[in-house]
Amino acid sequence: MLNILIFILVEITGSCEDIRHMLRWGAAGTLDIAQDHEYYRLITAMFLHFSLQHLGNNMLVLLFIGDCLERNLGKVRYALIYFLGGAGANLLSVFHEVYVNEYVVSAGASGGVFAAIGGLLYVVVRNKGHIENFTSRQLLILAFLSLYHGLTSTGVNNMAHLGGLVLGFLFALLFYHRRKSSIPVR
C-alpha cells in the first residue's frame, strides 16, 4: 500500500519518468550512495517505481508471494526478509555498479520482491516441496522466468533481483522454523 501511495505522490509532484525527480524522492543513484554516503537510498528506492507497469508487476507478485510468506513467518519476520533483502539487494547492486564502473539510477521493490520469492522458496523446500498453493517447482519457474525477463530487457537491475533472491533464501533460513505437527507420532 505504501508503494502505491508513494507512486501517487511522485506523480502529483512531477513524473516517475524524470530521473532528477526520482533522485529527489530517494532513488538509488550509485554515486549518491557510494560517494556521498546517502545510504538511506538503499531503502527509499524500494518504494519508488519508474512506471505504473513497474509498480503493478511488483505489487502483483508481492500480493501472492508476500501474503503466503507472511502467513508462514509472521508479520515481523516477513517484514525483515522484505526490508533486509531489498536493502541488501540494492547494496549488492551498488557494489556491482562500482566494480564494473557503471553508474546508474535505480528504483523499485524488486529486490524485496525477489527476497520474498527466495524466502518462500526456502519455506516450501522445508515443507517437502509444497505449502498452501505453492510448490518448489512453481517458485523456481517463477524465479527463472523473472530473472530471464530481466536479462533480456533493458533498464532492469538484475543484480538486485539475483541478490534479493539469494538474500531472501538466506534470511528465511535464519527466520523460519517449521511448526511441529500436533498429531502424536507412534
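Start by selecting Leu-62, Gly-66, Leu-69, Glu-70 and Leu-73 in H5, which meet Lys-75, Arg-77, Tyr-78, Ile-81 and Tyr-82 in H6; contact means heavy atoms within 4.5 Å. The residues of this contact divide into six nonpolar, one polar and three charged. In that count, Ala, Val, Leu, Ile, Met, Phe, Trp, Tyr, Cys and Pro are nonpolar, Asp, Glu, Lys and Arg are charged, and the others, Gly among them, are polar.

A note before you go on: this is a predicted model, where local features need pLDDT of at least 70 and side-chain atom pairs count only at pLDDT 80 or more, while totals for chains, interfaces and linings use all residues. Residues are numbered from 1 along each chain as its sequence is written, and side-chain values use heavy atoms, with hydrogens and water left out.

Now show the two helices whole: H5 covers residues 52-73 and H6 residues 75-99. Helices are DSSP runs (H or I, at least four residues), as are strands (E, at least two), numbered from the N terminus. How far apart are the axes of H5 and H6, and at what angle do they pack? The axes are 7 Å apart and the angle is about 130°, with axes fitted to C-alpha atoms over the stretch in contact and angles running from 0 to 180 degrees between N-to-C directions. That makes H5 oblique to H6 (under 35 degrees is roughly parallel, over 145 roughly antiparallel, 65 to 115 roughly perpendicular, the rest oblique).

Next, select Phe-47, Tyr-78, Tyr-82 and Phe-83, which form one aromatic cluster. The structure holds seven aromatic pairs (ring centres of Phe, Tyr and Trp, the last by its six-membered ring, within 6.5 Å; planes under 30 degrees apart are stacked, over 60 edge-to-face, the rest tilted). Phe-47 and Phe-83 make a tilted pair, 6.0 Å centre to centre with 40° between the planes. Phe-47 lies in the loop between helix H4 (41-44) and H5 and Phe-83 in H6, so the pair ties together parts 36 residues apart in sequence. Phe-47 is buried at 12% relative accessibility, whereas Phe-83 is partly exposed at 36% (buried is under 20%, exposed over 50%, partly exposed in between, with a 1.4 Å probe and protein chains only).

Finally, jump to helix H8 (residues 136-151), where Phe-144 and Tyr-148 sit four residues apart, about one turn of the helix. Phe-144 is exposed at 57% relative accessibility.
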